[in-house]
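Keep the viewer open as you read.

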Amino acid sequence: MYDIIVIGAGPAGMTAALYARRAGKKVLLLEKEYPGGQIVNSPLVENYPALPNVSGAEFAEKLQQQIADLGVEIEYREAETLEKKDGFFTVNGSEALQAKTVILATGVSHRGLGLPGEEELVGLGISYCAVCDGAFYRGRDAAVIGGGDTALQDAIYLSALCRTVYVIHRRESFRAASVLVEKAGQKGNIVFKTPCIPREYLSDDNGVTGLVLENAKNGSRETLNVDGIFLAVGLAPQNDFARSLVSLSEQGYLMASDDVVTEVPGLFAAGDCRVKKVRQLTTAVGDGAMAATAACEYLDER
Ligand code: NAP
């Protein structure tokens, strides 16, 4: 029986584990893939206070080391269902695990465009991670699809490797922070293609060869010859396993207040997985700290 099971080892979950362990609680951190969450895909985090030039991977590694030094156990397995009975939680997966409280910090995962051939071309020219796969396109042409922070960050990162980087966005104005849009605009080899909607992936036996775009204003079509396509069209939550216990929003985010409390006593939701306005590294770690503190208070009151 654990005091706290934290589900998800991204920045929110690892911070929750850090705080809970420092409060002397018996904590288990569950992760289904790798520690770090989405931040490991960020080439450079420029808006984390006091760490102006840290890469996402470096941030995640340091946080992982910090919790390991405190003795936090990470188990790599997927939570398949979550139940609460007689005041205790059971996290079901390859083994049933029990806890007095649970912190959900399941983050979000990449969304695709859903165009034909997309799944088959992942790894053959389509990628969700510029930091991981950018080097394959050194000296070649690539496209980044999306107009948010991820797309602009990826484009800036790729501009140091690729010959030309096209940023394809369906609207004329970008959702990304203006500092990123300006920085990208100053790169001589980044070309903005707006307002343009990707309609078709082109490929041969070796993988991606291009992309068909439709101009959203006049409907005209053009073909871009690119070897790599980086998808940065947003993120989706992955909370279905908890649906029978806790309410989800229409988009699948966990319903929790800004102090990370859910409708279920002893169950907390931290980071990008919950309904919230600002999804940033800073807000994720803030949520993690709040969730652990709330869980400790809940345990101490019982
Ligand atoms: P996002 O902000 O949701 O942006 C997704 C982009 O993809 C939007 O520009 C959207 O267009 C476009 N898009 C969505 N569906 C599309 C479709 N079917 N076809 C074409 N385009 C489509 O996602 P994100 O950039 O991954 O960022 C997610 C969160 O992480 C945000 O809160 C962001 O601020 C944060 N983040 C922060 C940093 C940082 O602080 N350094 C870095 C990366 C991410 P519209 O604009 O028209 O909706």
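Begin at the side chain of Asp149, where an N or O atom sits 2.6 Å from an oxygen atom of the ligand. Bear in mind as you look that this is a predicted model. Arg171 also reaches in, with a polar side-chain atom 2.7 Å from a ligand oxygen, and the side chain of Gln280 places an N or O atom 2.8 Å from an oxygen atom of the ligand.

Now follow helix α5, which spans residues 149–159. This helix lies across β9, β10, β11 and β15, and runs at about 165° to β9. Those strands belong to an open sheet of five, ordered β8-β15-β9-β10-β11, with parallel pairing. At its edges are β8 (126–127) and β11 (190–193), each of which pairs on one side only. Further in, β9 (residues 141–145) joins β15 (residues 228–231) through four bridges in the parallel sense; Val144, for instance, has Phe230 in β15 as its bridge partner.

Finally, turn to a pair of helices. Two packed helices are described by the angle between their axes and the distance between the axes. For α1 (residues 11–22) and α7 (residues 281–301), the angle is about 35° and the axes are 7 Å apart. The crossing of α1 past α7 is right-handed. Among the residues that meet here are Ala12, Ala16 and Tyr19 in α1, and Ala284, Gly288 and Cys296 in α7. The residues of this contact comprise 11 nonpolar, three polar and no charged.

How values were computed. Residues are numbered from 1 along each chain as its sequence is written. This is a predicted model: local features need pLDDT of at least 70, side-chain atom pairs count only at pLDDT 80 or more; totals for chains, interfaces and linings use all residues. Side-chain values use heavy atoms; hydrogens and water are left out. Two strands pair if DSSP finds at least two bridges between them. Helices (H or I, at least four residues) and strands (E, at least two) are DSSP runs, numbered from the N terminus. Contact means heavy atoms within 4.5 Å. Axes are lines fitted to C-alpha atoms, for helices over the stretch in contact, and angles run from 0 to 180 degrees between N-to-C directions. A crossing is left-handed if the near helix is turned anticlockwise from the far one by less than a right angle, and right-handed if clockwise. Ala, Val, Leu, Ile, Met, Phe, Trp, Tyr, Cys and Pro count as nonpolar, Asp, Glu, Lys and Arg as charged, and the others, Gly among them, as polar. A polar contact is a pair of N or O atoms within 3.5 Å; within protein, one must be able to donate a hydrogen and the other to accept it, and residues adjacent in sequence count only if both atoms are side-chain atoms.
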